[in-house]
Amino acid sequence: MSVKFSVNGKPAEFDGAEDAPLLWVVREHLGLTGSKFGCGIGACGACTMHIDGAPARTCIMPVMMAQGRQITTIEGLSRNTDHPVQKAWIALDVPQCGYCQSGMIMAAAHLLSRHPEPTDADIDREMTNLCRCATYVRIRAAIHLAAKLARAAHSASEDARERTFPSEASGQRGHSKLRAPETNAKAK
Ligand code: FES
Ligand code: FES
């Protein structure tokens, strides 16, 4: 069976056993080895990729379920390793052996897309990946730092937009002062 999908914005195709795990196809067939094989039973999260924007444990996902879907791996999370989560991970030197970390980063990126200012409780609830080196304390700190970096980047881009398109920005600010035209004035 031929399965067609997209990986990191590029079309991909697999012609083989439809129940082959997506992780195996991405690593062995497409050569993207950033996602890891840990437990093979959907428990550890080392194999986490985003499927249509949501995290999935791809060691237990048959490739046929990827038909027509958009897959993002750690290699496609950002262009220059500059996703806020990646920057925070580097700044705080999070990994120890590193084996679980691509899955952790993918899970954290999705967490931040849903919770731009996550609490410790949000992090504990959403980050269910396992780390044998117990880097959990650094992971939590890095997620908080990534949230700050993402907010700073967002306000910097808003400022730049305002400098580039001042009339548009001031027009938007002034919208609340616009009054509806008095279209029925002559009807009296
Ligand atoms: S390798 Fe997929 S969840 Fe552990
Ligand atoms: S850093 Fe070693 S398993 Fe997580």
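Biologist: How far apart are the end C-alpha atoms of helix H3 (residues 101-114), and what span should its 14 residues have at 1.5 Å a residue?

Modeller: This is a predicted model, in which local features need pLDDT of at least 70 and side-chain atom pairs count only at pLDDT 80 or more, while totals for chains, interfaces and linings use all residues. Residues are numbered from 1 along each chain as its sequence is written, and chains are lettered from A and ligands numbered from 1 in the order in which they are written.

The end C-alpha atoms of H3 are 20 Å apart, which agrees with the 20 Å that its 14 residues should span at 1.5 Å a residue. The expected span is 1.5 Å times one less than the number of residues. Helices (H or I, at least four residues) and strands (E, at least two) are DSSP runs, numbered from the N terminus.

H3 is largely enclosed by the rest of the structure, because 12 of its 14 residues are buried. A residue is buried if 20 or more other C-beta atoms lie within 10 Å of its own, exposed if 12 or fewer, and partly exposed in between, with C-beta atoms placed from the backbone. Among the buried residues of H3 are Gln101, Met104, His110 and Leu112. Their cover includes strands E3 (48-51) and E4 (54-57), together with helices H2 (84-91), H4 (120-126) and H5 (136-164). Contact here requires C-beta atoms, placed from the backbone, within 7 Å.

Two of these covering helices, H2 and H5, also pack together, at an angle of about 130° and with their axes 8 Å apart. Axes are lines fitted to C-alpha atoms, for helices over the stretch in contact, and angles run from 0 to 180 degrees between N-to-C directions. H2 and H5 are therefore oblique to each other; angles under 35 degrees count as roughly parallel, over 145 as roughly antiparallel, 65 to 115 as roughly perpendicular and the rest as oblique. Residues of H2 that meet H5 include Pro84 and Trp89, and those on the H5 side include Leu145 and Leu149.

The loop between H2 and H3 contains Asp93. Its phi is near 50°, a positive value in a residue other than glycine. Asp93 is exposed, with 10 other C-beta atoms within 10 Å. In the loop between H4 and H5 lies Ala134, where phi is near 55°, again positive in a residue other than glycine. Ala134 counts as exposed, with 10 C-beta neighbours inside 10 Å.

Key. Contact = placed C-beta atoms within 7 Å.
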